[in-house]
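Please open the structure in a viewer and keep the selection panel at hand.

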Amino acid sequence: MFPVFLLEDNEIQRNKYTEYITNGILINDASMKLKGSFGTVDSFLQAYTPQEQGLYFLDMEILDDKLAGLNIAEKIRQDTPLAQIVFITTHDELSLTTLERKIAPMDYILKDKGLENIKQRITEDIETAQQNLQKYSHCSKNLLDYKIGGRYFSILMDDVIMLYTQKDAPGRIFAITRNQLAEFNGSLNTFEEEYPNLFRCNRSYLVNLDNATTYDSRTRSLDFIDGSNCEVSFRKNKELIKILSRKLKKEIH
Amino acid sequence: MVYIDWQLGLIANFFMLFATLQLHHYFLKSFSIRYLISDITLSLIFGYIGLFVDDILILLFICFILLVNWIFAKKHQLDMENSNSLIMAANVEVVLFSLGTYTARIIFFVANGEWKLRILEIYQQNFITVSILINLIYLAIFLLIIHKFHAQIVKLWIQIEQYNLGKRVFEMSFSVFVSFMIILIISDLQSVTATIQASTILIFSVVLIVTYRQLIFFIRTMAIQNEAKEKVVYNKQLNEYLTSVQQQYTELRKFKHDFQNIMLAMKPLVDDSDSVELKDYYQDIVQERDEMCLVSRGNIAQIGAVDSDPIRGLIIQKFFIAKSEQIDFHLELTQKEYHFTNDTLVIVRILGILLDNAFEYVKGISDKEVTCAITQTDKTIEITVDNPIKENLNFKNIFKSGYSTKQSHSGFGLANVRRLISETDNLYLETKVLHDHLMMTLIIVGGD
């Protein structure tokens, strides 16, 4: 069973949300269970044990602590990189950009928009969480991890398009994904070993063939879903054709 | 000694005093007929006195003018600008006059092929004319040089006045002047030969130039020191202001939060009630609440949490630029303190470019909203600049020199960011597009 948690300091609201969440689970026929509704940070932390997975509905401001929700979310994110976090909050408590950087929550529900809206959003979020759960379990190595300074970052493998290096930035790896460009220190050889699903198409490119669109074996040019492309070295040409035709067969079957 | 007719002596003295006064007026840029008449009278009187007192004349002359100024000044306070300019003029003119006389001597000796003072006595009429002419030429050269540095000199005057350095400058130049006079008087009394006197004057001129140079340097140093002091005071005031704004903001926000929760909690009660009046009243309050939402977001007062002056300065500056361009610029600083250690100048340059780019971009769209968020965990700081974005980006191209989403824009900014980051080894840039927002994050990894 996939656990769901709620943290909200206002009792009337808490009771309402509890009702919406239980209803939402029933409507979506989700394999989830509301494990607890808490009114204070202390009671939440007492009941909290790091989970492998979880869906968390958090109010940002608890009693007078403006950042209570954020702090708890940070802790959850640290323990469970794939946790689904939803903030239920008033408009002005949000620092959207900071939240996005620190927590990358699944959703923000605004209290200002009224109870009907909150009810609808909670139901939708339960549905999305259910879908994400299935998505994460399909691939064994589903996250690409890297480290900058003391902080760990993860990118969903499905989103990764390519890793490459540049001559003017030795020791740096650049990663292009569906929606971002990141850079970090490292060597492509290490990543090639660690993530065998990625293909080394020349000395400075390591690509995710799942996100490749077309390959022209005469010009040895490989195109990707975001419009970028890279050249495949002469040595790797045959190997790539083999992998691609195998993939094609798999998809036809 | 050379014996010269008293008429010629009077002309020479008159010229020297008159030139001093004109130079003085030139420094202050104050010429008028009244001054001219009084200058001529004064110069004539002292020129005549000078026939009996020789070189001590200039010292008497200057002291007399200073004394008169002092007596007629309000509260017997010397006008420092006036006195400084007078002493400077006297210093310059005495040196130029002496140099002029010696140059004339050399010319006469060379022309006659004899190094004898007697020659000067024979040709005294021509000698005086020539030396005054040479003095005039020197004066012209001096004025030309001064004119070239006019702007700097004006700035220097302003600085002297601004930082009340007038008295120090006066003491310095007056003592230089007096010591020069003493040299002249003693060499007269001791009947020192012309050669020795000439070399003394040359050395003195060098000392004079060095002294004034030193003076300029001293004033500049004082100016910088004072500016730094003023900046500290200014920063302190700004910080105090920011703190008080922050307090008001916190109180307001607290009230708003309570208010919103109360309203939300009341909703079911109002819904259950039969009173139409109550429902209408509730609706009215809800509508007013929307206006309250505008009150608080992205308060510049939070910037006090950033401990680096250059970074804080940049953000404040950009905040006002955004305001003047009707851009909604939010700051998200959720921590109480942000500590920047090194590379602040590189960070300022990069952040400046990122903010400029964001401003530039939102100017072309309807949603004019830019957010700057800073987060710090341990030694890692992340600065994110966030703006709405309408089109798809090609991540691989945006850092190429000349890339821009706008055709009119030169787009060298991001290529520069890339270059700046390559030069250091603890900066990282992350570019992300999420919910139609472009987020560019500069990650700064702190030292050990």
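The model is a predicted one.

**Stop 1: the interface of chain B and chain A**

Begin by displaying both chains and selecting the residues at which they touch. On the chain B side 46 residues are in contact with 49 residues of chain A. The two chains bury about 4,200 Å² between them, and 52% of that area is on carbon and sulfur atoms. Next, select L264(B), K396(B) and Y428(B): these residues supply 16% of the area that chain B buries against chain A, more than any other three residues.

**Stop 2: polar contacts and the elements of chain B**

Remain at the interface and turn to its polar pairs. Between chain B and chain A there are 11 residue pairs in polar contact, with both residues at pLDDT 80 or more. Colouring by residue class, one finds 16 nonpolar, 17 polar and 13 charged residues on the side of chain B that touches chain A.

**Stop 3: salt bridges**

Over all chains, a search of the whole structure finds 16 salt bridges. One pair to select crosses between chains, running from E430(B) in strand 4 of chain B to R101(A) in helix 4 of chain A. The side chains of E430(B) and R101(A) meet in a salt bridge at 3.0 Å, N to O. Side chains of opposite charge can pair when their charged atoms come close. Across the interface of chain B and chain A, the rule finds four salt bridges.

**Stop 4: strand pairing between the chains**

To locate a bridge, select L181(A), whose partner in strand 4 of chain B is T431(B).

**Stop 5: the domains of chain A**

Now hide chain B. Chain A is assigned domain 1 (2-136) and domain 2 (143-252). The C-alpha centres of these domains of chain A lie 35 Å apart. Five residues from domain 1 and five residues from domain 2 of chain A take part in the contact. Together the two domains of chain A bury about 380 Å², with 59% of it on carbon and sulfur atoms.

How many salt bridges are counted between domain 1 of chain A and domain 2 of chain A? The count is zero. One residue pair is in polar contact across this interface, with both residues at pLDDT 80 or more. On the side of domain 1 of chain A that touches domain 2, the elements giving two or more residues are helix 4 (96-102) and helix 5 (115-136). By class, that side has two nonpolar, no polar and three charged residues.

**Stop 6: the domains of chain B**

Chain B is divided into domain 1 (6-231) and domain 2 (298-445). Their C-alpha centres lie 59 Å apart.

**Stop 7: two loop residues with positive phi**

Select R220(A) in the loop between strand 13 (212-216) and strand 14 (221-224) of chain A. R220(A) has a positive phi of about 50°, although it is not a glycine. Then move to Q326(B), placed in the loop between helix 11 (309-324) and strand 1 (328-333) of chain B. Q326(B), likewise not a glycine, has a positive phi of about 55°.

Key: Residues are numbered from 1 along each chain as its sequence is written. Chains are lettered from A and ligands numbered from 1 in the order in which they are written. This is a predicted model: local features need pLDDT of at least 70, side-chain atom pairs count only at pLDDT 80 or more; totals for chains, interfaces and linings use all residues. Side-chain values use heavy atoms; hydrogens and water are left out. Contact means heavy atoms within 4.5 Å. Buried area is the accessible area (1.4 Å probe) that two parts lose on being put together, summed over both. A polar contact is a pair of N or O atoms within 3.5 Å; within protein, one must be able to donate a hydrogen and the other to accept it, and residues adjacent in sequence count only if both atoms are side-chain atoms. Ala, Val, Leu, Ile, Met, Phe, Trp, Tyr, Cys and Pro count as nonpolar, Asp, Glu, Lys and Arg as charged, and the others, Gly among them, as polar. Two strands pair if DSSP finds at least two bridges between them. Helices (H or I, at least four residues) and strands (E, at least two) are DSSP runs, numbered from the N terminus. Domain bounds come from an automatic or database domain assignment.
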